[in-house]
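Please consult the sequence and the model while reading.

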Amino acid sequence: MSEDQLREQILKLKEALHVSIVAHFYQKDEVFFMADYVGDSLQLAQWAAEDKNPYLLFCGVGFMGQSVKILAPNKRVFMPKIACCAMARMIDVGYFDQNIEVLKKAGIKEEDILPVTYINSSAEVKARVGMMGGMVCTSSNAKKIITQAKASNKKILFVPDRCLGQNIAKEMGLTSCIVGDGSDPKEADIICYNGFCSVHQLFDVDDIAFYRAKYPDILIVTHPECKPEVCDQSDFVGSTSQIIAYVKNLPLNQKVAIGTEYNMVKRLRKENTYVLSSTKPECPTMNETTLVDLYNTLLSIQEERFENEITISEETRKWAFLALNRMFEL
Ligand code: SF4
């Protein structure tokens, strides 16, 4: 089947079966342009949870599909490819509990710890955070959530992204440490789990120096999952949606180098736009989903084989919902 025929078949099947398709900004073009709705992880989860169709194809990574299921348990959510976020995979409940033990050994009581998890974590980790009275945050609302968490006078354990935790701490004038970095966690306002995004780690201060030397008026735009020294030297640091809004408002003759995922940067603006890296910063797992996967998943719904469906136990969902809902309440 040619690509055009494949697209035609996908559209026919999705209409006949009442399926909606959503795609994250980091998906490649062939998938991105088939979606009914595109957005960042939170926008997609909120849109999908309100959508009237009973079936959803979520083109993204696992924790994103799970977030829809947490918010809308009756919706049947399928991932054309079961792809995992490398950062979300760096923590599970076992590692989470090990970190709590490390803090207890350092003299911090469990009841004095308030966990905050970046939305890039599994339903199980979100549930564990919910059980401990903690909440979820995204890169766009992390400052607001940390402000609220700080008001509890507890020690904040931020999981799993050490860079986002460190960057937010700096922006708010707070102190931070990484579990196991040899410093005393009692001295830090925000204690960060030692996880990171392998894609956003690619951007470096040398890349910034390169572009500033080549184009003295260039603006450097980065995501808060980048290293703190990279964010410090940037002209603008923001979440995926904030980067899109910022760049779209720039005059077309303004040169900009962007430090985030490749597919998004290359679609964002053609003129005077550079990827802030000498290597191609593609998210490997986001890039796994193809048109063929979309077609095969729709076929499996039609034939009632229901492959790649996201399921979460009600106990996990209940606690994870608490953590997510605390964020929405703010
Ligand atoms: Fe996860 Fe990084 Fe890929 Fe985003 S870009 S899905 S944080 S590995």
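This is a predicted model: local features need pLDDT of at least 70, side-chain atom pairs count only at pLDDT 80 or more; totals for chains, interfaces and linings use all residues.

Residues are numbered from 1 along each chain as its sequence is written, and side-chain values use heavy atoms, with hydrogens and water left out. Helices (H or I, at least four residues) and strands (E, at least two) are DSSP runs, numbered from the N terminus.

- Strand 7 covers residues 155-159, and five of its five residues are buried, so the strand is largely enclosed by the rest of the structure. Buried means under 20% relative accessible area, exposed over 50%, and partly exposed in between (1.4 Å probe, protein chains only).
- K155, L157 and V159 point one way from strand 7, whereas I156 and F158 point the other way.
- Strand 5 (residues 113-118) pairs with strand 7 in the parallel sense over five bridges; two strands pair if DSSP finds at least two bridges between them.
- Strand 9 (residues 190-192) also pairs with strand 7 in the parallel sense, over three bridges. Within strand 9, C192 is the bridge partner of F158.

**T117 in strand 5**

- T117 belongs to strand 5 and stands opposite V159 in strand 7.
- The relative accessibility of T117 is 0%, so this residue counts as buried.
- Leaving aside neighbours within four places in sequence, the residues in contact with T117 (heavy atoms within 4.5 Å) include V125, M135, C137, V159 and P160.
- The side chains of T117 and S121 make a polar contact (2.8 Å). A polar contact is a pair of N or O atoms within 3.5 Å; within protein, one must be able to donate a hydrogen and the other to accept it, and residues adjacent in sequence count only if both atoms are side-chain atoms.
- T117 and L157 are 40 residues apart along the chain, and their C-alpha atoms are separated by 8.3 Å.

**Nonpolar cores**

- The largest nonpolar core has 81 residues, and those with the most contacts inside it are F58, F96, L157, F158, I190, I191 and I258. Such a core is a set of buried Ala, Val, Leu, Ile, Met, Phe, Trp, Tyr and Cys residues joined through side-chain atoms within 4.5 Å.
- Apart from this core lies another, of 19 residues, among them L13, Y55, L57 and L299.

- An open sheet of four strands has the order 11-10-12-13, with parallel pairing.
- Strand 11 (236-237) and strand 13 (273-275) stand at the edges with a single partner strand each, so one side of each is left without a neighbour in the sheet.
- Strand 12 (residues 256-259) runs parallel to strand 13 and is joined to it by three bridges. V256 has T273 in strand 13 as its bridge partner.

**T260 beyond strand 12**

- T260 lies in the loop between strand 12 and helix 12 (262-268).
- With 0% relative accessibility, T260 counts as buried.
- Not counting residues up to four places away in sequence, T260 touches Y26, H200, F203, H223, I243, V265 and P281.

**Helix 3**

- S41, L42, L44, A45 and A48 are buried in helix 3 (residues 41-50).
- The buried residues of helix 3 pack against strand 1 (19-24), strand 2 (37-39), strand 3 (55-59), helix 4 (62-71) and helix 14 (314-329).
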